[in-house]
Amino acid sequence: MRDSLRWAYALNQWNVRLDVFVRHEEQQRALKTVSACGFDTIELASGTGRWDNISRPEVILTNHGSSAGFLEFLRRASVQGVSSIFWDPQAPAEEEEGYAFRTTANPADADAIVEWSKPFVDFLAGVGAEQLVVRPVGSAWMSPPLGADGTKVVGDVWNRIGELTSAAGLGLALHYDCLGAVHTADELTGLLGATDPATVGLALDTAEFTVGGIDPVAFYREHADRVTHVHLKDTRYADTGEEYRMPGAESTMLKGGAGRRIERWFFELGTEGGLVDVPGFVAALREHAFPGWVVVESDHGGNPAELAMLNSWYLQHELGVAKR
């Protein structure tokens, strides 16, 4: 995309199961779709094991030999680079102490999580990316409310990792999650207050904010100085009944297993009945000359290629972004 804003596309919507996005031919097909839709930069999402061979730094490097080898793989599909990678240290991974479960809310886990971050930092620096995007804390249903002391514990972990990313010439962006223990606008503001603005920023996800009851446009205008990364997608629903507190909310809420039984929460830009003011949000980004990446995604919302084309159409025809 040719624009004053910098646009990238997230590959996470293709990787819906361990067995569907493994072969290099499948990955090339996805990359070529993204490129044909006008995006020459991608965001990766971390995973685990050899089945997630375009998700985990160690496995990517094993498959492609080096950072340069991986970039060559991308450029075969006319994708020029990587903007960022998303990482959730609360998600158990084979490479992280054999699926050990740790959380940023537990002070005893801090050293291990900082150590786990290093392969991501090294990989991002090697491929010339800019941001490590992270889920800052686990789901609300899994633990008691954080409170001020708990928020400081979480913030301290990310301040330490922010020092690592900064030393490597990278940014660190905390990604708000609508299921997270940091849920309300006040809680999010508290977490930002517990982190160093020089090394720790915020990844604002327009749909996650909206589902969680936070107006992304208003929050951005108030905290534009802390927002360093954007995930742009839409939603038709807000969590008006605190479904995020239900046990197993990843399935009971987000996959329609209970509550209102909504099976799909995240949608393409311009979806009918969308709650996100996408034009207003993008206008706010332009007003503040937002310098970071705006990553378009649909987050397992449906057919990946179809959604990429719909998102591209919306950028071109509704937001006036030139394809090339």
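This report walks through a barrel, one of its strand pairs, a helix and a loop.

The model is predicted. Eight strands form a closed barrel in the order β1-β2-β3-β4-β5-β6-β7-β8, and their pairing is parallel. From one strand to the next, the twist averages 30°.

One pair can be followed in detail. Strand β4 covers residues 131-134 and pairs with β3 in the parallel sense, over four bridges. S84 has Q131 in β4 as its bridge partner.

A helix accompanies two other strands. Helix α8, residues 216-223, lies across β6 (201-205) and β7 (227-232). Its direction makes an angle of about 160° with β6.

The loop between β3 (81-87) and α4 (110-127) holds F101. T103 is found in the loop between β3 and α4 as well. Their accessibilities are listed here.

| Residue | Relative accessibility | Class |
|---|---|---|
| F101 | 47% | partly exposed |
| T103 | 18% | buried |

T103 counts as buried because its relative accessibility is 18%, and buried means under 20%. F101, at 47%, counts as partly exposed, since that class lies between 20% and 50%.

Which residues does T103 touch, leaving aside those up to four places away in sequence? They are Q90, D109, I113 and G138. T103 and A181 are 78 residues apart along the chain, and their C-alpha atoms are separated by 11 Å.

F101 has a part in the surface. Together with W141 and M142, F101 makes a nonpolar surface patch of about 300 Å².

Terms used
Residues are numbered from 1 along each chain as its sequence is written. This is a predicted model: local features need pLDDT of at least 70, side-chain atom pairs count only at pLDDT 80 or more; totals for chains, interfaces and linings use all residues. Side-chain values use heavy atoms; hydrogens and water are left out. Patches are made of residues with over 30% relative accessible area and no salt bridge: like charges are joined within 9 Å, nonpolar side chains (Val, Leu, Ile, Met, Phe, Trp, Tyr) within 5 Å. Accessible areas come from the Shrake-Rupley method with a 1.4 Å probe; for residues, only the protein chains shown count as cover. A salt bridge is a side-chain nitrogen of Lys or Arg within 4 Å of a carboxyl oxygen of Asp or Glu. Buried means under 20% relative accessible area, exposed over 50%, partly exposed in between (1.4 Å probe, protein chains only). Two strands pair if DSSP finds at least two bridges between them. Axes are lines fitted to C-alpha atoms, for helices over the stretch in contact, and angles run from 0 to 180 degrees between N-to-C directions. Contact means heavy atoms within 4.5 Å.
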